[in-house]
Amino acid sequence: MLMSLLYSCGQMELKEDGTSRYSRDSLLDLLGHYSYIGCHDSVIMTARPMIDEALEAGDTVTAFYAGVFTAQSFLFFENTDSIKYYIDRISPFYGNLDKETFNDRIIYNNVLGCYYLRTDLDYSRALSHFLEGLELARNAGYVNNTVAMLSNIVNIFYLQEDSLGYDYAVEAYKTAFSENSRNTYYKCVACVDMCGMLLLKGQTDLAEKYAVEAEMWCDSSEARSQYAIINLLNAEICERRGGMEKAAEYYRKAVDAADMADKGTVSNLCLRYGG
């Protein structure tokens with residue numbers, strides 16, 4: 001399954017001389033945009049100098065946010081040393097965050113959860129951070145972040161081939177398709193979660209319904225990172241029905257989309273398809 005990341009938005013501001021400057025809101029906008037389109041190298045290049053600039057100005061909140069987005073982007077490059085470096089660097093500022101500013105704390109817990117899952121397969125610590133992030137997202141009424149945290153919780157159960165994650169998948173789907181949600185990317189993610197859990201429950205026909213729906217939302221949202229996992233799930237559906245030739249076709253499609261996918265999806269693909 002694909003690790004879900006968190007995005008934010010804001011507005012770009014200008015200095016009096018007309019040159020751009022990074023307010024905290026514009027930082028959210030720029031880094032959120034780069035993350036959404038998969039330009040994680042741009043996130044890193046933009047955010048790293050902002051950390052030092054913010055710390056020199058005594059702005060630990062902006063330094064924290066730039067650092068947490070940098071750490072999140074390094075997850076995509078499997079650079080665990082850099083992830084740990086930036087997490088360690090910003091962690092002392094966690095207590096400085098405004099308790100009413102939920103987004104920074106949600107992303108922090110999301111990154112830590114992903115880190116523990118990726119580096120040590122420490123399901124317990126990862127789940128603890130995802131659950132904390134989920135509580136924050138629910139309390140803040142952040143629909144997209146709620147879906148993202150639920151999806152990462154589902155991922156823990158999926159990795160353990162445990163269908164007990166189904167209830168979280170159902171909540172993610174209901175939240176993503178609630179009247180307050182218009183984000184097609186997270187609709188796609190929720191459909192992927194439902195498909196994966198239903199396959200673990202042995203409900204192949206129903207799983208296929210969500211796979212079809214996931215692909216539709218993937219096309220409409222241009223969520224390129226989802227193509228590989230969707231084709232991987234379609235391959236598993238075909239295998240369960242004995243359609244090995246069709247399954248091989250889906251595996252090839254997944255391989256073609258691997259360069260846009262999360263490294264965990266690529267690893268799963270290699271295991272299933274023979275590397």
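Q: What makes the largest nonpolar core a core, and which residues have the most contacts inside it?
A: The largest nonpolar core has 81 residues, and those with the most contacts inside it are Phe-64, Phe-130 and Cys-195. The name applies because a nonpolar core is a set of buried Ala, Val, Leu, Ile, Met, Phe, Trp, Tyr and Cys residues joined through side-chain atoms within 4.5 Å. Helix 9 (residues 184-200) gives the most to this core, with 12 residues; helices (H or I, at least four residues) are DSSP runs, numbered from the N terminus. This is a predicted model, in which local features need pLDDT of at least 70 and side-chain atom pairs count only at pLDDT 80 or more, while totals for chains, interfaces and linings use all residues. Residues are numbered from 1 along each chain as its sequence is written, and side-chain values use heavy atoms, with hydrogens and water left out.

Q: Why is Cys-195 called buried?
A: Buried means under 20% relative accessible area, exposed over 50%, and partly exposed in between (1.4 Å probe, protein chains only). Cys-195 has 1% relative accessibility, so this residue counts as buried.

Q: How do you know that Cys-195 is in no disulfide?
A: A disulfide is a pair of cysteine sulfur atoms within 2.5 Å, whereas the nearest cysteine sulfur to that of Cys-195, belonging to Cys-191, is 9.2 Å away. By this rule the count for the model comes to zero disulfides.

Q: Why is Glu-78 called partly exposed?
A: The relative accessibility of Glu-78 is 36%, and therefore the residue counts as partly exposed. Glu-78 lies in the loop between helix 3 (60-76) and helix 4 (80-90), and its phi is near 55 degrees, a positive value in a residue other than glycine.

Q: How do you know that the span of helix 6 is close to the expected one?
A: Helix 6 (residues 123-140) has 18 residues and reaches 25 Å from its first C-alpha to its last, close to the 26 Å expected at 1.5 Å a residue, where the expected span is 1.5 Å times one less than the number of residues.

Q: Why are the buried residues of helix 6 said to line one face?
A: The buried residues of helix 6 are Ala-126, His-129, Phe-130, Gly-133, Leu-134, Leu-136 and Ala-137. Seen down the helix axis, they fall within an arc of 165 degrees, so they line one face of helix 6; the arc is that of the directions from the helix axis to the C-beta atoms. On the other side of helix 6, Ser-124 and Asn-139 are exposed.

Key: Helix = DSSP H or I, 4+ residues; strand = E, 2+ residues; numbered from the N terminus.
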